[in-house]
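Here are some notes for a colleague opening this model for the first time. Please keep the structure in view while reading.

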Amino acid sequence: MSTPDGPPSPWREPEHDDLAELARTFFTREVLPHAERLSTQGHPDREHYRRAGGLGLLGLSVPEEYGGGGGGFTHEAVMLHEQAYAGESSLGLAVHSGIVTGYLVAYGSEEQKRRWLPGLCSGELVGAIAMTEPDGGSDLQAMRTRAVRDGDDYLVTGAKTFITNGGLADLIVVAVKTDPEQRAAGVSLLVCEVGGDPEGFRRGRLLSKIGLHANDTAELFFDEFRVPAANLLGGVEGLGFVQLMQQLPQERLVIGVGAVAAMERAVELTVAYAKERTTFGKPLLGHQNTRMVLAECATRTRVSRVFLDDCIVRHTRGELDVATAAMAKSWLTEGQCEVVDRCLQLFGGYGYTTEYPIARMYADARVQKIYGGANEIMKELIARAL
């Protein structure tokens with residue numbers, strides 16, 4: 001992972017290169033040829049999850065004893081970089097493999113790990129995490145979804161929205177209030193098994209979005225949905241908010257990986273186009289404005305890569321703090337939107353047609369500043385640490 005002609009990432013080893021080649025081949029040869037169909041149907045093919053699992057691309061940081069790759073976050077980062085760089089956005093692997101498996105590895109009991117992780121790693125199960133609610137946005141402490149204890153079960157009632165993988169998910173980590181009188185201290189995480197749409201659980205519509213058309217972003221509804229108490233993550237009520245806060249830095253770093261990959265691809269695509277496109281009797285790259293814009297975009301991209309690499313190194317040491325993760329999420333996604341926008345401008349009218357990848361990249365980029373905690377919230381987290 002590096003910008004064109006830039007230095008390699010300091011954490012990268014030869015095994016990462018092999019993984020990158022495998023992931024690149026999978027996304028470009030097996031998934032991207034179906035892009036138009038997937039975009040029309042509004043969700044990925046379940047078979048692509050199974051195929052990714054069969055190739056060992058899922059659960060890369062999950063211990064081998066639970067069916068994973070036995071690696072670390074750097075392996076997840078390589079796979080997600082290749083997906084974003086290829087422009088493949090149907091499979092919600094950042095959530096499925098970069099986030100959901102992380103919660104289970106960190107907080108799951110031995111029985112929970114052996115029950116769910118192998119299926120997630122093989123692609124037989126599709127994972128999602130449900131935090132956001134229709135009225136809640138980024139304010140997780142104010143969630144209304146309740147889980148009331150009923151014998152050996154919880155009865156879950158409430159609604160979640162903007163849930164990535166929500167249409168296909170078999171296993172959903174759901175943030176609930178086990179004590180509605182408390183804010184942060186009343187939040188717990190329950191693993192809900194929803195394959196086959198059991199009684200008390202309903203999937204709403206797949207949301208129509210300006211980008212990420214092939215990914216199944218959905219509404220979810222729970223009406224006294226019965227969940228075994230044994231599915232509580234951490235084994236004790238009230239730990240959910242702390243668990244979320246501990247995992248969110250990695251989630252934000254995952255978003256940063258996608259942002260930098262998109263910036264790198266945008267610059268590469270635009271440089272190639274500017275060399276081929278002729279205007280006023282010479283290549284587009286021969287015009288001073290084009291060169292200045294690309295110089296600025298390439299610089300922003302290179303600096304972003306260096307910052308991201310530093311964050312990855314910190315994270316692998318267990319030293320990535322909340323504020324720095326927030327800086328990465330906000331600054332890198334702002335950079336992604338800026339760089340892609342400026343590159344699209346150089347394509348002229350062609351940049352506004354979906355025949356060119358830069359147009360889809362432009363539409364897909366916008367949500368990066370929203371999910372994982374809106375960038376306004378990231379700036380508040382940064383300010384609190386000053």
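1. Helices here are DSSP runs of H or I with at least four residues, numbered from the N terminus. With that in hand, look at Asp 45, which sits in the loop between helix 2 (35-41) and helix 3 (46-54). Bear in mind that this is a predicted model.

2. Is Asp 45 buried or exposed? Asp 45 has a relative accessible area of 18%. The cut-off for buried is under 20%, so Asp 45 counts as buried. Setting aside neighbours within four places in sequence, Asp 45 is in contact with Arg 37, Leu 38 and Leu 91.

3. Turn to helix 4 (residues 73-86), where Ala 77 is found. Ala 77 is buried, at 0% relative accessibility. Phe 241 comes 164 residues away from Ala 77 along the chain, and their C-alpha atoms are 25 Å apart.

4. Next, the charges. Side chains of opposite charge can pair when their charged atoms come close. The model has 24 salt bridges.

5. Arg 114 and Glu 110 form a salt bridge, at 2.7 Å from N to O. Both residues belong to helix 6 (residues 110-122). They are four residues apart, about one turn of the helix. Arg 114 is partly exposed at 46% relative accessibility. Glu 110 is partly exposed too, at 40%.

6. Lys 160 pairs with Glu 133 in a salt bridge, with the closest N and O atoms 3.0 Å apart. This pair links distant parts of the chain, 27 residues apart. Lys 160 is in strand 3 (residues 153-164). Glu 133 is in the loop between strand 1 (127-130) and strand 2 (146-150). Both Lys 160 and Glu 133 are buried.

7. Arg 226 makes a salt bridge with Asp 150, and here the closest N and O atoms are 3.0 Å apart. Again the link joins distant parts of the chain: Arg 226 in strand 7 (residues 217-228) and Asp 150 in strand 2, 76 residues apart. Arg 226 is partly exposed, with a relative accessible area of 43%. Asp 150 is partly exposed as well, at 33%.

8. Last, the surface. Glu 13, Glu 15, Asp 18 and Glu 21 form a negative patch there. Glu 15 lies in helix 1 (residues 14-31). Its relative accessibility is 47%, so Glu 15 counts as partly exposed.

Key. Residues numbered from 1 in each chain as written. Predicted model: local features only at pLDDT ≥ 70, side-chain atom pairs only at ≥ 80, totals over all residues. Heavy atoms only, no water. Patch = residues over 30% accessible without salt bridge, like charges linked within 9 Å, V, L, I, M, F, W, Y side chains within 5 Å. Areas by Shrake-Rupley, 256 points an atom, 1.4 Å probe, with all protein chains shown as cover. Salt bridge = Lys/Arg side-chain N within 4 Å of Asp/Glu carboxyl O. Lys, Arg positive; Asp, Glu negative; His and termini not counted. Charge placed at Lys NZ, Arg CZ, Asp CG, Glu CD. Helix = DSSP H or I, 4+ residues; strand = E, 2+ residues; numbered from the N terminus. Buried < 20%, exposed > 50% of the residue type's maximum accessible area, 1.4 Å probe, protein only. Contact = heavy atoms within 4.5 Å.
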